[in-house]
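Let's take a friendly walk through this protein, from its overall build to a few individual residues. Please keep the sequence and the model side by side as you read.

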Amino acid sequence: ADAELLAIKAEQHYIHIWSDQGTDLVRYRFKDIPETLRDCNGVQVHRSWWVNLDRVRSMEQKGRKLELILSDKLTVPVSLSYKNAVISKLDAA
């Protein structure tokens with residue numbers, strides 16, 4: 001209950017949840033995540049990834065691709081269609 005959410009990844013009919021307490025796989029619709037987590041400072045960064053912006057440690061540009069580093073074990077890709085919005089939100093924070 002006191003875990004802080006890092007990121008969520010869609011995996012077919014499930015979502016893979018990363019928190020500071022570990023990971024979990026739960027049956028849930030990914031498209032419901034933005035509404036469910038509307039009070040969190042998070043954003044969808046890829047068609048299958050949602051990220052808590054408060055937990056982004058750094059960004060890494062690799063050619064045209066952008067990745068968000070959340071922890072030593074978690075790097076999240078940012079799709080080109082979400083890239084500008086994600087950078088704007090991170091710069092505003």
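Predicted model: local features only at pLDDT ≥ 70, side-chain atom pairs only at ≥ 80, totals over all residues.

Residues are numbered from 1 along each chain as its sequence is written, and side-chain values use heavy atoms, with hydrogens and water left out.

**Overall build**

The protein has 2 helices and 8 strands; here helices (H or I, at least four residues) and strands (E, at least two) are DSSP runs, numbered from the N terminus. Their order from the N terminus is β-β-β-α-β-β-β-β-β-α. The radius of gyration is 13 Å, close to the 12 Å from the globule rule for 93 residues, so the protein is as compact as a globular protein of that length. That radius is taken over C-alpha atoms, and the rule is 2.2 Å times the number of residues to the power 0.38. Along the principal axes, the C-alpha atoms fill a box of roughly 35 × 25 × 25 Å. Of the 93 residues, 35% count as buried, where buried means under 20% relative accessible area, exposed over 50%, and partly exposed in between (1.4 Å probe, protein chains only).

**The three-stranded sheet**

An open sheet of 3 strands runs in the order β6-β7-β8, with antiparallel pairing; two strands pair if DSSP finds at least two bridges between them. The edges are held by β6 (58-62) and β8, each with a single partner strand, so one side of each has no neighbour in the sheet. On average, neighbouring strands here are turned by 30° against each other, direction ignored; the axes are lines fitted to C-alpha atoms.

Both β6 and β8 are joined to β7 by bridges, with 5 linking β6 to β7 and 5 linking β7 to β8. Some of the bridge partners are set out here.

| Residue | Bridge partner | Strand of the partner |
|---|---|---|
| Gln61 | Leu66 | β7 |
| Lys62 | Lys65 | β7 |
| Glu67 | Pro77 | β8 |

The hairpin of β6 and β7 has 2 residues between the strands, and Gly63 there takes a positive phi near 70°. Another hairpin joins β7 to β8 through 2 residues. As for cover, 5 of the 7 residues of β7 are buried, so the strand is mostly covered.

**Nonpolar cores**

A nonpolar core is a set of buried Ala, Val, Leu, Ile, Met, Phe, Trp, Tyr and Cys residues joined through side-chain atoms within 4.5 Å. The largest has 17 residues, and Val45, Val51, Leu68, Leu70, Leu74 and Val76 have the most contacts inside it. Two or more residues each come from β1 (5-11), β4 (42-46), β5 (49-52), β7 (65-71), β8 (74-78) and α2 (80-92). Apart from this core lies another, of 8 residues, among them Ile8, Ala10, Ile15 and Leu37.

Which residues does Leu74 touch, not counting those up to four places away in sequence? They are Leu6, Ala7, Trp18, Trp49, Leu68 and Ile69, with contact meaning heavy atoms within 4.5 Å.

**Two loop residues**

Gln12 lies in the loop between β1 and β2 (14-19). Gln12 has a positive phi of about 55° although it is not a glycine, and at 80% relative accessibility it counts as exposed.

Ser79 sits in the loop between β8 and α2. With a relative accessible area of 17%, Ser79 is buried. Leaving aside neighbours within four places in sequence, Ser79 is in contact with Val45 and His46.

Methods: Axes fitted to C-alpha atoms, helices over the stretch in contact; angles between N-to-C directions.
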